[in-house]
Amino acid sequence: MNQAKPYQQRQQALAPLVRSEPWDMLIIGGGITGAGIAREAARRGLAVLLIEQKDFAWGTSSRSSKMVHGGLRYIASGDYKTTLLSVRERERMLSEASGLVNEMHYVMPHYKGKFPPPWIFNTLLRVYDGLAGKRYSKYFKKDAFLSLNPGIKQEKFLGASQFSDAVTDDSRLVMRVLDEAIHDGACAINYLKAESLITNEQGLVVGATLKDTASDDSNHTYHIHAKVVVSATGAWADTLRMQASKQTEQSFQKQIRPSRGSHLVVSQERLPLTQAYTFLHPVDKRAVFVFPWENRTVLGTTDLDHPTLDDNEVGITNEEVDYLLVATNNLFDHAKLSREDVISTWAGVRPLISEGGDGKRVSPSKEKRDHSVWLDNNLVTVSGGKLTTFRLIALDVLKVCQKVLELDESATQDNASYSSQVFSNQTPTNAKLATLPISLQQRLRGFYGRQLDSLLELAHDDDLAYVTDSNTIWAEIRFAAHYEQVIHLDDLLLRRTRLGLILPHGAMTPLISERLKQICQQELGWDEQKWQQEVKRYQQLWQRYYYLPAA
């Protein structure tokens, strides 16, 4: 076994940093916004370097509600434009990234005397469908709905409205968009932190000093110059903006309002669903939802102001656990879910753009989900917005970058974001792929795009089996370890795959962990000591941030 392999892989990833001439664009932030910008910039022929201080999608982009949606509630609040753009992007992603972004039916149950009444909600749905140019919605009368959905509360039940949005694996979406950017010439490196900005004599930002954070003993720093620096750090965006503006913390007007959204994962056996439910919480009347994802059921979400951010993980609180259980048990009144039913949790921080400056005037749920782009002394900062509209956000960032950088607009905004795929009704050309179920073929095409052949070539014969009752096959773990800059075990189990969220004990059961160990030894060169270090680190992290908090 080659003990130097992890070091060699890391050195290979860092090799582009020795580039002598300035990059056209340095993007700080490896979530969906940064990935989208890299994808659009690279297709225009720019020399692009994207860096992420933790792992790709480590922040909000692996902890969203997994929904690609138009934003039905924005119509109700009069924000017609946001809904229109979001619906169009949803339809685009359903078409271009099938298997990764998939249609999901949603249901809103209606009860006598409770808001919203059917006629109001179905009026909104007609407008929603009109924006998409498709008829998705339908109304189910009481008896017809209950015959198919007997598990919901029946007292005073009137009927239910059904509509459609979409669901995705947000972390895999980031990796897919990054792969498209890399194919067009971009370079993306994780575990590189922008410690400080580099400015010239005129005070303009011309680069950044980066530190390798891949291991505790990493102390390499790199001085990277670029014609334009883009900060796509989401909820952390104010930090670099303050540096660029050269203001003190006291004088700088912060724009970002961090808002925490938390989720619970339970088994399908405890709450079996074939579609998503959206409904109002019985206490505060906020919209919450319950939906099927990765053969599990997800309960979400909260919307709370989050304390000042640092570089640590974010976790759910006991109050949020109770809040989500109360809401779900109120609608599914026979389920009687409890803390013992929770397989895992996750919490993410949304970067809301506060209309009130310091963000204390309205509740987080009432803040708009628009994005903003700022230009401060050659630093372009973007924050806010929605997962669904990441491509439009990227295009807006490039418009601002044109003030300091010449762009080739021959790559128009109408070009597809994803490489073309072979659809499931066509015969697979790869012999291994042809042996797999059609649903898995479609999923793999969506998740991996042009990389699918590499995944299948690397796979051992027994790697084509599912990992227990998940939708993930062992070949995906091997591929991620070999090709996708995995540094830690949580990269592999919480982001490249979601096994840590859907399997008991964060997937660290004896049979699974033994095979994981074998793959990590083969593909990452981890020896026994390294494996034990990573297991200990992962289990501590999972217990604290991805499971229930101490009672």
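The exercises below work through a predicted model of one protein.

**Exercise 1. Overall size**

Find what radius of gyration a compact globule with 551 residues would have, and compare the protein with it.

Solution. 
Step 1. For 551 residues, a compact globule would have a radius of gyration near 24 Å.
Step 2. The protein has 23 Å, which agrees with that value.
Step 3. Turn to the interior. Of the 551 residues, 61% are buried.
Step 4. Look at the contacts with a separation of 6 or more: 72% of them are between residues 24 or more positions apart.

**Exercise 2. Strand S18 and its partners**

The protein has 18 helices and 18 strands. Take strand S18, residues 379-384, and determine how covered it is. Then describe how strands S10 and S17 pair with S18.

Solution. 
Step 1. Count the buried residues of S18: six of six, so the strand is mostly covered, where buried means under 20% relative accessible area.
Step 2. Take strand S10, residues 221-231. S10 runs parallel to S18, and three bridges join the two. Within this part of the model, Val-229 stands opposite Leu-379 of S18.
Step 3. Take strand S17, residues 371-376. S17 pairs with S18 in the antiparallel sense, over six bridges. Val-373 has Val-382 in S18 as its bridge partner.

**Exercise 3. Strand S12 and its partners**

Explain why strand S12, residues 276-280, is described as largely enclosed by the rest of the structure. Then describe how strands S4 and S13 pair with S12.

Solution. 
Step 1. Four of the five residues of S12 are buried, so the strand is largely enclosed by the rest of the structure.
Step 2. Strand S4, residues 101-111, pairs with S12 in the parallel sense over two bridges. Val-107 stands opposite Tyr-277 in S12.
Step 3. Strand S13, residues 287-293, pairs with S12 in the antiparallel sense over four bridges. The bridge partner of Phe-279 is Val-288 in S13.
Step 4. S12 and S13 form a hairpin with six residues between the strands, and Lys-285 has a positive phi near 65 degrees there.

**Exercise 4. Aromatic rings**

State how many aromatic pairs are counted, and describe the geometry of two of them.

Solution. 
Step 1. Rings pair if their centres lie within 6.5 Å. By this rule there are 16 aromatic pairs.
Step 2. One of them joins Phe-289 and Phe-291, with 5.7 Å centre to centre and 55 degrees between the planes, which makes the pair tilted. Both residues are buried.
Step 3. Another pair is Tyr-448 with Phe-479, at 5.4 Å centre to centre and 80 degrees between the planes; this pair is edge-to-face.
Step 4. Locate the second pair. Tyr-448 lies in helix H12 (residues 438-448) and Phe-479 in helix H14 (residues 474-483), so the pair ties together parts that are 31 residues apart in sequence. Both Tyr-448 and Phe-479 are buried.
Step 5. Look for a cluster. Ring pairs link Tyr-111, Phe-140, Phe-145, Phe-157, Tyr-277 and Phe-332.

Technical notes
Residues numbered from 1 in each chain as written. Predicted model: local features only at pLDDT ≥ 70, side-chain atom pairs only at ≥ 80, totals over all residues. Heavy atoms only, no water. Buried < 20%, exposed > 50% of the residue type's maximum accessible area, 1.4 Å probe, protein only. Pairing = 2+ DSSP bridges. Phe/Tyr/Trp six-rings, centres within 6.5 Å; stacked < 30°, edge-to-face > 60°. Rg over C-alpha atoms; globule rule 2.2 N^0.38 Å. Contact = heavy atoms within 4.5 Å.
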